[in-house]
Amino acid sequence: MHPVVVTGSASGLGAAVRRRLERDGRRVIGVDRHDAELLADLGTPEGRNHALEAVLSASRGALDGVVSCAGLGPYEDPVAILRVNFFGALAVLDGLREALGRGREPAAVAISSVGAVFDALARPALLEACHAGDEPRATAEVGDCDGTTAYANAKRALAQAVRRRAPQWGALGIRLNAVAPGQTETPMLERLLRDPAHAKAIRALPVPLGRSAQADEVAAAVCFLLGPDARYVHGHVLFADGGVDAAARPDEF
Ligand code: NAD
């Protein structure tokens, strides 16, 4: 078996994914800004290149899985959110695709968000710049957005990028899916709830199951998509959101 890369492995959801994989006997290569095997800032091109080179060296160029989980919350600077949550997340997936091609039943999972589905927040010009891979144009487009809008568009572009890659990745025998979590009890959610405006926005979105997720409940969905039980699941966005998406958009699927 080859290792599995988890970005954002030092905290919250990434740490929960790591625990599950290790419990199942998998070797995990964690990438984060702190408390990880490989330290890198995925918000910069240099940091991403460093992370990719270090992963390829640590894995000897073959991986069974990649989980692109590192992310910044909507309370951060909009440009930084876009750089990490879209460009950093996608650089890891695309940059490790070849190594996944040498893995056994390889699969990758990107962490999007249920916050990505709300059309009112979508900025078409920003999404287009993201899909063109044009980071300077995208960061210019995000300049007049608030953190919530930057976050929603970065996560929307990421889920779309996963679906757009299904034909190419499928032809290479590599499954690629996304998980869109709802509110999940991690340091990111704690910080959001401390801010009155963010807390109000979160409470305005009723959760049909009536509670937040534990990080391990979302990690279970991630590990399902990574593992052999999801052998025929590809190009999918799995909502681990307590029913928020279904309540907001019942007829979309
Ligand atoms: P968290 O803040 O607990 O963990 C995020 C991790 O990403 C941290 O360890 C952090 O150091 C790392 N990270 C941030 N910027 C980085 C960078 N530039 N380079 C490398 N690592 C970096 O948050 P979390 O809630 O566990 O979030 C994990 C993922 O889940 C994120 O992508 C987040 O957007 C997504 N998500 C979270 C929620 C939620 O309610 N918690 C909901 C939907 C989606």
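## Salt bridges

D245 and R249 form a salt bridge through their side chains, with an N to O distance of 2.7 Å. This pair belongs to a predicted model. D245 is buried, at a relative accessible area of 7%, whereas R249 is partly exposed at 25% relative accessibility. Salt bridges with shared partners also connect R18, E22 and E37 into one network. Over the whole structure, the search finds 16 salt bridges. As background, side chains of opposite charge can pair when their charged atoms come close.

Another salt bridge joins the side chains of D64 and R26, at 2.8 Å from N to O. D64 sits in the loop between helix 2 (45–59) and strand 4 (65–68), and R26 in the loop between helix 1 (12–23) and strand 2 (28–32), so the pair ties together parts that are 38 residues apart in sequence. D64 has a relative accessibility of 5% and counts as buried. The side chains of R23 and D24 also meet in a salt bridge, with 3.6 Å between N and O. Here R23 counts as exposed, with 58% relative accessibility, while D24 is partly exposed, with a relative accessible area of 49%.

## Packing of helix 5 and helix 7

Helix 5 (residues 124–131) packs with helix 7 (residues 147–164) at an angle of about 45°, and their axes are 10 Å apart. The crossing of the two helices is right-handed.

On the side of helix 5, the contact is made by L126, L127, C130 and H131. Helix 7 contributes N153, R156, A157, Q160, A161 and R164. Sorted by class, the contact of helix 5 with helix 7 has five nonpolar, three polar and two charged residues.

## Surroundings of F86

F86 is placed in helix 3 (residues 78–95). With a relative accessible area of 1%, F86 is buried, because buried means under 20%. Setting aside neighbours within four places in sequence, the residues in contact with F86 are I81, C130, A154, A157, L158 and A161. Of these contacts of F86, C130, A157 and A161 also take part in the contact between helix 5 and helix 7.

F86 and L63 are 23 residues apart along the chain, and their C-alpha atoms are separated by 22 Å.

## Loop residues

Most residues other than glycine have a negative phi. R60 has a phi near 55°, a positive value in a residue other than glycine. R60 is found in the loop between helix 2 and strand 4 and is exposed, with a relative accessible area of 79%. D64, described above as a salt-bridge partner of R26, lies in the loop between helix 2 and strand 4 as well.

E105 is not a glycine either, and has a positive phi of about 40°. E105 lies in the loop between helix 4 (97–101) and strand 5 (107–111) and is partly exposed, with a relative accessible area of 44%. D195 lies in the loop between helix 9 (187–194) and helix 10 (196–203). The relative accessible area of D195 is 30%, which makes D195 partly exposed. The C-alpha atoms of D195 and A140 are separated by 27 Å, and the two residues are 55 residues apart along the chain.

Terms used:
Residues numbered from 1 in each chain as written. Predicted model: local features only at pLDDT ≥ 70, side-chain atom pairs only at ≥ 80, totals over all residues. Heavy atoms only, no water. Axes fitted to C-alpha atoms, helices over the stretch in contact; angles between N-to-C directions. Helix = DSSP H or I, 4+ residues; strand = E, 2+ residues; numbered from the N terminus. Left-handed = near helix turned anticlockwise from the far one by under 90°. Contact = heavy atoms within 4.5 Å. Nonpolar A, V, L, I, M, F, W, Y, C, P; charged D, E, K, R; others polar. Buried < 20%, exposed > 50% of the residue type's maximum accessible area, 1.4 Å probe, protein only. Salt bridge = Lys/Arg side-chain N within 4 Å of Asp/Glu carboxyl O.
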